[in-house]
Amino acid sequence: EKILQVFSVLLDNALSYTPEGGRVRISLAPSGRGRLLLGVADTGPGIPPKEREQIFARFYRSDQARVDKSHFGLGLATARELVAAHQGRIWAAEDPTGEYSGAVFYVELPFKQSKTPLQATGH
């Protein structure tokens, strides 16, 4: 439930800051060390490299976020706390492919591989 909250914060931010006609990419893959890597990238204005660590502080708002009054500067701070509580990490980066020029977030979490395949529940 808490990891869904993290995903919701990242997706909400991506959708909020991506202009009409822009794109959002969501990726999920094993990272090869018994960990799962979730990525959310967008074609919005992005995050300057000097702010990529600051954005996880409570109430911090980048210049772009200050224009958008619907964000209060708590989502990413809460996301980092929730990810850390699950022995994971979250960070902002650049898209290594260069295809997504906006914000790019990664969440890496430990996972246990199930012996039973997952099945869609229709929810």
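Predicted model: local features only at pLDDT ≥ 70, side-chain atom pairs only at ≥ 80, totals over all residues.
Where does Asp95 sit in the chain? You will find Asp95 in the loop that runs between strand E3 (89-93) and strand E4 (104-110).

Is Asp95 buried or exposed? Its relative accessibility is 8%, and because buried means under 20%, Asp95 counts as buried. One is the side chain of Thr97, joined to that of Asp95 by a polar contact of 2.6 Å. Another is the backbone nitrogen of Glu99, which lies 3.1 Å from a polar atom of the Asp95 side chain.

E3 and E4 pair in the antiparallel sense, over 5 bridges. Within this pair, Trp91 stands opposite Tyr106 in E4. In general, the strands of a sheet pair through backbone hydrogen bonds, in either a parallel or an antiparallel way.

Now widen the view to the whole sheet. It is an open sheet of 4 strands, in the order E1-E2-E4-E3, and the pairing is antiparallel. Strand E1 (24-30) and E3 stand at the edges with a single partner strand each, so one side of each has no neighbour in the sheet. On average, neighbouring strands here are turned by 15° against each other, ignoring direction.

Next, turn to helix H3, which spans residues 75-85. Which residues of H3 are buried? They are Leu76, Ala77, Ala79, Leu82 and Val83. After H3 comes Gln87, whose phi is positive, near 60°.

Finally, look at how the two helices meet. The axes of H1 and H3 come within 9 Å and cross at roughly 150°. Angles over 145 degrees count as roughly antiparallel, and H1 and H3 are therefore roughly antiparallel to each other. The crossing of H1 past H3 is left-handed. On the H1 side, the contact is made by Lys2, Gln5, Val6, Val9, Leu10 and Asn13. On the H3 side, Gly75, Leu76, Thr78, Ala79, Leu82 and Val83 take part.

How values were computed
Residues numbered from 1 in each chain as written. Heavy atoms only, no water. Buried < 20%, exposed > 50% of the residue type's maximum accessible area, 1.4 Å probe, protein only. Polar contact = N/O pair within 3.5 Å; in protein donor to acceptor, adjacent residues only side chain to side chain. Pairing = 2+ DSSP bridges. Axes fitted to C-alpha atoms, helices over the stretch in contact; angles between N-to-C directions. Parallel < 35°, antiparallel > 145°, perpendicular 65-115°, else oblique. Left-handed = near helix turned anticlockwise from the far one by under 90°. Contact = heavy atoms within 4.5 Å.
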